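Morning, everyone. I have one structure to show today. Please look at it first, and then I'll walk through a few places.

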Amino acid sequence: MPSYVVHADANSVAAIFVGDPIYSGGQSTINAIKNSGYNTVIIGLVHPHPNGDLYLNNTLVCSGGQYVGTDAARQQWATLKTGPTSVNRVEIAIGGGSTTDFQNMNSFFSANDAARIYEFEINPPNQPTVNLCKNKPATANQYVDFYGPDLAVDGLQNTKWVSNVGMGNQWLQVDLGSRQNVSTWAIGNAGLGASLGYGDKISMNTSDFKIQSSDDGNTWTDQATITGNTQDIVSGAFPAGLYARYFRLYITKPTQNIDTKNIFKQNLQALINATGADAVNFDDEDLYSSQLMIDLGNMVNSMGKKVTLCPFDHQSTWAIVKNTLGSIVDRVYLQGYGGTVDPGSWKNAMGMPVVYGFNTAYSPENTVATALSSLDPTKVSFAGAFIWNYDQIQNNISVNTPAGYAKAIRTYFDIDTNQALNKYVWNNGSNVTPPSNAVDGQKNTLWTSSNVSGDKYLQVDLGEFRTVSRFVARHAGAAGLDTSLNTKNFKLEYSMDGTNWFVAYTVSGNSFSVTDAQMATKNARYFRLNITTPTQTTDQTARIVEFELYGY
């Protein structure tokens, strides 16, 4: 038996991309994914269309800011991270090869939806040429450098206030200094500048806005609401007898453009909610725009989600994205596929180890460990591995299986966690020291049975069904005791109900201080060590320092 123990690293990634089956395959497919051994499931590919709609492969799933896919899929996605399951993270992937997804997004991310106001006027009764706003203190919730709010109240038609792009509702506020009786208002829009040759366009005229009044600058009352404006100069009348000190132009649609970016954002939020996604994966293979990915990353971050990147070339572009977004990006999935992509180079460029990708069309499951080892035997370049994709495996299930690939990754990176740690444990017979010592994670405590003849067992209740493929028994020598006290003969047994037991693994003639064994995968709630010969001598006392069960 081996005398070494490899410590598990539960932080390594074992991920798989899943396409149509995760939407249309039903609960049986979801359960198969949950039981296959991956800790991360990436749903894809999601394709943004020019109008902001989102398609999951060829199926429309989000439109008009709403999830429009099937309720069955949404309900099934909600179970992905509900035990028993190996999955603890879900992502949605945008893009992919041979698509125009990032070009589509770029068209509405780059749409210039800034507000442009050349003049904001408030007039007293019967004096239409008197502008009460002129040269009064003006503020705005946002503006571009050199285009501050004061330029909208300076009485000049060749200056303007310009807001930032893509920042939601915008407002311009004026303090008249005291309560004034007002009668009419007027707005000079971008088209005014267009007619004067200042580079703006009629399509940039403010479409939807409100004129609001306040006596304290905090509580606002709508006095006029305009929708669908197209005019360069738009004006209107206040209710008769209105007095106020503060007036605000509150803009909800700054241009004539359809706000496709906002529709896309609402659709993306709807899909995140429907899938329970923890992160959004960027697979830009058509545009390679660092600025677009940065803007998209900030949008995802505003939703409280992480960003992951999925490159295979254009390293400098992806590095700019990673370095700019910083901790917003928490994983890089490197499309290694053909085996020619250097993970060490990408680790250095991205500032973090990569999750290395295998395409099942090129890489059978039995080649995963060899390929990873040949790329970097030290493993320092890797944060785990991922598989592309579930759909392809299902089409050739006689050769490889999703669980087979997952096991290859989990074994290479030793991802499985000790399911027995601090679980409820008991034994038959009496004790010198308690059985809880054998599942406390400490190497200096141990369970010690009484010195009586007969078989002795140490039994653990995992609390729910778990998939176990490896166990570790640390015997007396592991705590510094004489190795003659190491357990000699024993069995690992498993049970679904705690009553009916089956043998999972048999050890005979052991003398090592640690037994660390891979075994055929078992899915059960109860496991026990059934000890028939507790030492190398006639001593009948069983001594177990730690009983560990690795799986998910």
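I'll go through aromatic rings, then a helix, a loop and a hairpin.

Keep in mind that this is a predicted model.

Rings first. How many aromatic pairs are there? The count comes to 19. Take Tyr 67 and Trp 77. Their ring centres are 6.1 Å apart and the planes meet at 70 degrees, so this pair is edge-to-face. The cut-off for that class is over 60 degrees. Buried or exposed? Tyr 67 has 11% relative accessibility, so it counts as buried. Trp 77 has 2%, so that residue is buried too.

There is also an aromatic cluster. Its members are Phe 17, Tyr 333, Tyr 337, Phe 386 and Trp 388. Hold on to Tyr 337; that name comes back.

Next, charges over rings. Which ring does Arg 470 lie over? Arg 470 is over the face of Tyr 550, 4.2 Å from the ring centre. Then there is Arg 528. Its charged end sits over the ring of Tyr 457, at 4.8 Å from the centre.

Now helix 8, residues 315-325. Its buried residues are Thr 317, Trp 318, Ala 319, Val 321, Lys 322 and Leu 325. Note that a lysine, Lys 322, is on that list. In an α-helix, residues three or four places apart point the same way, because there are 3.6 residues a turn. What covers the buried residues of helix 8? The cover includes two helices, helix 7 (290-302) and helix 9 (343-350). It also includes strand 15 (279-283), strand 16 (306-309) and strand 17 (329-334). Just after helix 8 comes Gly 326, with a positive phi of about 60 degrees.

On to a loop. Ser 363 lies between strand 18 (354-359) and helix 10 (368-375). Its relative accessibility is 8%, so Ser 363 counts as buried. What does Ser 363 touch, leaving aside neighbours within four places in sequence? The contacts are Tyr 337, Phe 358 and Tyr 405.

Last, the hairpin. Strand 25 (489-495) and strand 26 (502-507) run antiparallel, joined by 5 bridges. Leu 492 has Tyr 505 as its bridge partner in strand 26. Between the strands there are 6 residues. In this hairpin, Gly 498 takes a positive phi near 80 degrees.

That's the tour. Over to you.

Notes
Residues are numbered from 1 along each chain as its sequence is written. This is a predicted model: local features need pLDDT of at least 70, side-chain atom pairs count only at pLDDT 80 or more; totals for chains, interfaces and linings use all residues. Side-chain values use heavy atoms; hydrogens and water are left out. Two strands pair if DSSP finds at least two bridges between them. Helices (H or I, at least four residues) and strands (E, at least two) are DSSP runs, numbered from the N terminus. Buried means under 20% relative accessible area, exposed over 50%, partly exposed in between (1.4 Å probe, protein chains only). Contact means heavy atoms within 4.5 Å. Rings of Phe, Tyr and Trp (its six-membered ring) pair if their centres lie within 6.5 Å; planes under 30 degrees apart count as stacked, over 60 as edge-to-face and the rest as tilted. A charge sits over a ring if NZ of Lys or CZ of Arg is within 6 Å of the ring centre and within 35 degrees of the ring normal.
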